[in-house]
Every structure is written in structure tokens, then in C-alpha cells.
Amino acid sequence: MAVAVEEKRAWIMIVVTVLSYGAYLAVVLGRSGSGPLAQQPYAGALLWTVGAAIAASIALHITVSLLSPEEGRVKDQRDREIHRFGDHIGQSFVVIGAVAGLVLAMAEVEQFWIANAIYLGFVLSALLASTAKIASYRLGFHPW
């Protein structure tokens with residue numbers, strides 16, 4: 001069974017997201033032995049892992065597109081609907097992360113926790129959106 005290019009892209013997003021967030025956690029938690037977690041430097045690790053994830057995702061998307069047959073690269077109506085469906089589902093965690101960051105800021109919590117709540121919202125959004133897309137391809141997509 002041939003896998004649609006858009007499904008491959010969803011898999012790429014899951015793998016890149018998990019690896020980059022795992023690398024971020026490893027760096028930040030690895031530094032935590034010398035004091036409180038919120039006092040450890042995190043901004044550089046956050047920016048580098050997000051930047052690396054974006055670059056890896058772009059490179060892998062280009063590679064998949066180049067290696068896919070010509071007819072496999074064409075998006076049909078079903079692909080567009082699945083993409084839109086997955087993105088709508090994933091957006092919920094962007095909102096949750098933003099609201100969590102807002103609440104933490106109003107509670108005057110340290111910037112570390114605010115940034116990490118927002119970052120986690122983005123990570124969960126990408127994972128949920130990609131999982132919804134893969135499930136739609138694998139289990140069938142039935143628009144309302």
C-alpha cells in the first residue's frame with residue numbers, strides 16, 4: 001500500500017517534534033543538578049532545538065517530495081480536508097499553551113515556566129495534529 005506524501009509529512013512532524021523536544025528536555029534537565037530548574041539557562045536550548053526542528057523538517061519534507069513519484073505529490077480534495085482537519089484539532093493545544101502562559105504571567109511566575117508552558121503547547125499541538133492526520137489516512141476520513 002502506497003503512503004500518501006501528506007501522511008509521510010505527518011510522520012516527519014511527529015518524529016522531528018519528539019526528537020527536538022526530547023533534546024531540549026535532555027539539555028535543560030541535564031543542567032538542573034546545580035540548582036533550581038527555573039534558574040537554569042533555557043533560552044538558548046529552546047531556540048536551538050526549535051531552529052533545528054524547523055530546518056530538519058524542511059529538509060525532510062523536500063527529500064520526501066523529491067523521492068516521491070510525480071503523481072504522489074499531487075494533493076487531492078481528501079488530502080486538503082485531512083490537512084485542515086488535523087490542523088484544526090492541533091490548534092486547541094496552541095490555545096491551551098497560550099492561555100497557560102497568560103495565566104502564569106498574571107500569577108507572576110518565573111519566565112522559565114511561562115516559556116516552557118507555551119513551548120509544550122506547541123509540541124502537543126504538532127503531535128495531536130499529526131496524529132489526527134495519520135489516523136485519518138489509516139482509519140478513513142469521514143467529513144462531517
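Residue numbers start from 1 along each chain as its sequence is written, and side-chain values use heavy atoms, with hydrogens and water left out. In this predicted model, local features need pLDDT of at least 70 and side-chain atom pairs count only at pLDDT 80 or more, whereas totals for chains, interfaces and linings use all residues.

Two packed helices are described by the angle between their axes and the distance between the axes. Helices here are DSSP runs (H or I, at least four residues), numbered from the N terminus. Axes are lines fitted to C-alpha atoms over the stretch in contact, with angles from 0 to 180 degrees between N-to-C directions. The axes of α1 and α2 approach within 9 Å and cross at roughly 160°; the two helices are therefore roughly antiparallel, a term applied to angles over 145 degrees. Their crossing is right-handed, that is, the near helix is turned clockwise from the far one by less than a right angle. Contact (heavy atoms within 4.5 Å) joins residues of α1, including V5, I12, V16, Y24 and V28, to residues of α2, among them L46, A53, L60, H61 and V64.

Q40 is located in the loop between α1 (5–30) and α2 (43–67). With a relative accessibility of 9%, Q40 counts as buried (under 20% relative accessible area, 1.4 Å probe, protein chains only). A polar atom of the Q40 side chain lies 3.2 Å from the backbone oxygen of P36. When residues up to four places away in sequence are not counted, Q40 touches R31, S32, S34, G35 and F112.

For α3 and α4, the axes come within 7 Å and cross at roughly 160°. That angle makes α3 roughly antiparallel to α4, and α3 passes α4 in a right-handed crossing. The phi of E108 is near 55°, a positive value in a residue other than glycine. E108 is exposed, at 73% relative accessible area, the cut-off for this class being over 50%.

The 29 residues of α4 reach 41 Å from the first C-alpha to the last, close to the expected 42 Å at 1.5 Å a residue; the expected span is 1.5 Å times one less than the number of residues. G140 follows α4 and has a positive phi, near 105°.

Methods
Polar contact = N/O pair within 3.5 Å; in protein donor to acceptor, adjacent residues only side chain to side chain. Parallel < 35°, antiparallel > 145°, perpendicular 65-115°, else oblique.
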